[in-house]
Amino acid sequence: MAFTETATRPGPVDRLRDALPKLVLSPTVAIVAIFVYGFIVFTFYLSFTNSRILPQFGWVGWQNYENLFRIRAWDTAVTNLIIFGSLYIIICCALGLLLAILLDQRIRAEGFIRTIYLYPMALSFIVTGVAWKWFLDPGIGLEAVVRGWGWESFTFGWIKDREMAIYTIVIAAVWQTSGFVMAMFLAGLRGIDSEMMKAAQIDGASTFALYRRIVIPQLRPAFMSAFVVLAHMAIKSYDLVIALTGGGPGTATELPATFMYSYTFTRNQMGIGAASAVIMLMTIAAIIVPYLWSELREKR
Amino acid sequence: MARAVTNNRKAINTGLAWLIGLLIFFPILWTFLTSFKTEAQAINDPPLFLFFDWTLENYAVVQERSDYLRFLWNSIIIAGGSTLLGIVIAVPAAWSMAFVPSRRTKDVLLWMLSTKMLPAVGVLYPIYLLFIQLGLLDTRIGLTIVLMLINLPIIVWMLYTYFREIPAEILEAARMDGASLREEILYVLTPMAVPGIASTILLNFILAWNEAFWTLNLTAANAAPLTAFIASYSSPEGLFYAKLSAASTMAIAPILILGWFSQKQLVRGLTFGAVK
């Protein structure tokens with residue numbers, strides 16, 4: 001070790017070299033600490049105050065939370081999130097898995113097709129929402145086109161229907177994301193030990209059994225990532241709803257994020273809005289903390 | 001015989017994959033085509049596919065009506081500015097964590113990454129109030145900073161995963177050969193880091209370009225980017241199909257081009273590095 005020689009005389013340059021990594025890391029850590037966690041603490045605090053149009057600092061305890069759960073629109077928003085979130089996750093995973101299995105069959109021009117499947121993901125949810133709004137509009141979209149083809153009694157007016165409008169959001173969101181989920185599963189499929197598959201095939205396992213017994217169990221990590229990514233996207237959903245239905249008809253498609261925004265800025269109820277934000281934060285934390293924890297343990 | 005069956009099945013699978021691809025791509029394709037039709041042709045029965053009189057009139061109308069170029073310019077400034085700003089702050093941080101890791105590095109990384117998953121509504125009030133105080137509402141500089149802040153964790157994370165792929169032995173070798181820290185960074189590290197940085201820039205540019213929560217809520221007339229432009233067409237107000245299609249084609253045109261090159265980065269970034 002001829003180099004210990006240089007290490008034994010720590011000059012200012014060496015000390016700089018030692019301190020530099022921490023020095024250059026600190027701005028990023030500070031930014032994240034202040035602008036994300038510091039601000040979240042502030043939101044927490046606001047949710048316990050009597051803030052209306054501007055922040056006020058009169059402590060009201062759990063009042064805002066109690067009020068929040070009495071508001072029917074919040075109830076609708078939470079119910080919608082459960083419907084939307086579960087359908088979105090299930091359908092995306094199912095389609096994503098099927099598409100991944102299809103693309104894994106050594107088909108021609110796979111790279112090109114994969115890119116096509118992924119294309120919607122590159123678009124903004126706002127664009128997706130606006131485009132699907134027209135497609136689903138009974139007057140100019142799908143319904144009008146199919147009627148034009150001669151099927152006069154065809155109706156598809158979900159977007160104007162209070163009961164069904166939430167499902168149009170599922171459709172648009174699934175269109176946007178399933179190709180992306182496909183990519184996650186495809187990466188998982190490519191990581192599966194092909195020897196094991198061959199062995200099972202030689203033993204006479206049917207294709208279905210092969211996938212059910214060998215492939216899908218090995219895709220567990222991919223399912224986990226897909227679930228976490230999709231779940232947090234569902235809870236954060238804001239732009240798609242704003243563009244597609246604007247939360248309507250009425251409040252039929254409000255989600256927590258749109259509820260929070262409208263309660264703050266159109267009804268000037270900052271305290272209640274903050275309370276709803278805190279609940280969303282806690283929900284996401286409940287999903288990602290265990291995930292990150294397991295990631296952390298795995299990689300150590 | 002067995003071979004023939006495999007080939008058959010392969011052809012069927014390929015056909016099916018193409019069909020699904022067409023189905024997925026159809027809304028984009030149809031919007032694109034419709035934007036070149038006249039309003040009458042747009043609602044023609046039966047629908048016209050390729051054989052119509054291609055016209056650019058819709059684009060002219062949209063530009064005249066809502067000054068597309070101004071929105072486009074705002075999008076470029078905001079997405080580009082926030083990306084570059086983020087990179088400048090994140091490269092040293094990612095470098096530090098990738099090449100001089102400490103016991104806490106993994107924790108710090110995951111902690112940062114967790115913030116990217118949190119909903120924007122959690123920090124809406126403080127940022128909104130701060131913007132009012134500082135007079136940053138509806139300014140490009142304000143939006144640039146906010147988008148940099150919210151995307152910083154993902155930039156750091158992406159850069160970190162790319163930097164980790166650079167073999168540390170090369171750096172050690174350079175150090176042994178007597179390279180100073182400056183030389184090490186300039187001549188050894190930088191050339192190898194450029195592809196990763198470029199990928200990160202591409203991904204982040206798209207994320208910033210598509211970001212809608214903040215751009216819709218913090219801008220009005222002056223700093224509004226293309227997300228606000230397309231949202232303004234959400235209630236069509238006398239515009240019809242062909243013009244709406246032209247508007248959305250204009251809104252997504254840059255992404256349609258960038259999107260083609262960035263699929264890998266998108267998947268990698270949006271899965272938080274779970275898929276490479």
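## A partly exposed aspartate and its partner

A:Asp104 has a relative accessibility of 25%, so this residue counts as partly exposed (buried means under 20% relative accessible area, exposed over 50%, and partly exposed in between, with a 1.4 Å probe and protein chains only). A:Arg190 is also partly exposed, at 43%. This is a predicted model, in which local features need pLDDT of at least 70, side-chain atom pairs count only at pLDDT 80 or more, and totals for chains, interfaces and linings use all residues. Residues are numbered from 1 along each chain as its sequence is written, chains are lettered from A and ligands numbered from 1 in the order in which they are written, and side-chain values use heavy atoms, leaving out hydrogens and water.

## Salt bridges in chain A

Over all chains, the structure holds nine salt bridges (a side-chain nitrogen of Lys or Arg within 4 Å of a carboxyl oxygen of Asp or Glu). One of them joins A:Arg190 to A:Asp104, with the closest N and O atoms 2.9 Å apart. A:Arg190 lies in helix α8 (residues 165-190) of chain A and A:Asp104 in the loop between α4 (72-103) and α5 (110-122), so this pair ties together parts that are 86 residues apart in sequence. Helices here are DSSP runs (H or I, at least four residues), numbered from the N terminus.

A:Arg190 also forms a salt bridge with A:Glu110, where the closest N and O atoms are 3.2 Å apart. Because A:Glu110 belongs to helix α5 and A:Arg190 to helix α8 of chain A, the pair ties together parts 80 residues apart in sequence. A:Glu110 is buried, with a relative accessible area of 16%. Elsewhere, A:Asp137 and A:Lys160 meet in a salt bridge (3.8 Å, N to O). Salt bridges that share partners join A:Asp104, A:Glu110, A:Arg114 and A:Arg190 into one network.

## Rings that pair up

Turning to the aromatic residues, there are 34 aromatic pairs over all chains (rings of Phe, Tyr and Trp, using its six-membered ring, with centres within 6.5 Å; planes under 30 degrees apart are stacked, over 60 edge-to-face and the rest tilted). The pair A:Phe48 and A:Trp59 is stacked, because the ring centres are 5.3 Å apart and the planes lie at 15°. Both residues sit in the loop between α2 (12-46) and α3 (63-68) of chain A, 11 residues apart. A:Phe48 is buried at 13% relative accessible area, while A:Trp59 is exposed at 56%.

A:Phe69 and A:Trp74 have ring centres 6.2 Å apart and planes at 85°, so their pair is edge-to-face. A:Trp74 is buried, with a relative accessible area of 2%. Ring pairs also link a cluster that includes A:Tyr45, A:Phe57 and A:Trp62.

## Charges over rings in chain B

The charged end of B:Arg268 sits over the ring of B:Tyr162, 3.8 Å from its centre (NZ of Lys or CZ of Arg within 6 Å of the ring centre and within 35 degrees of the ring normal). B:Arg70 places its charged end over the ring of B:Phe71, 5.0 Å from the centre.

## The nonpolar cores

In soluble globular proteins, nonpolar side chains tend to be buried together. Here the largest nonpolar core has 182 residues (a set of buried Ala, Val, Leu, Ile, Met, Phe, Trp, Tyr and Cys residues joined through side-chain atoms within 4.5 Å). Its largest share, 16 residues, comes from helix α7 (residues 140-164) of chain B.

Among the residues with the most contacts inside the largest core are A:Phe84, B:Trp214 and B:Phe229. Not counting residues up to four places away in sequence, B:Phe229 touches B:Val62, B:Ser66, B:Tyr68, B:Phe71, B:Ala247 and B:Ala251 (contact means heavy atoms within 4.5 Å).

Methods. Helix = DSSP H or I, 4+ residues; strand = E, 2+ residues; numbered from the N terminus.
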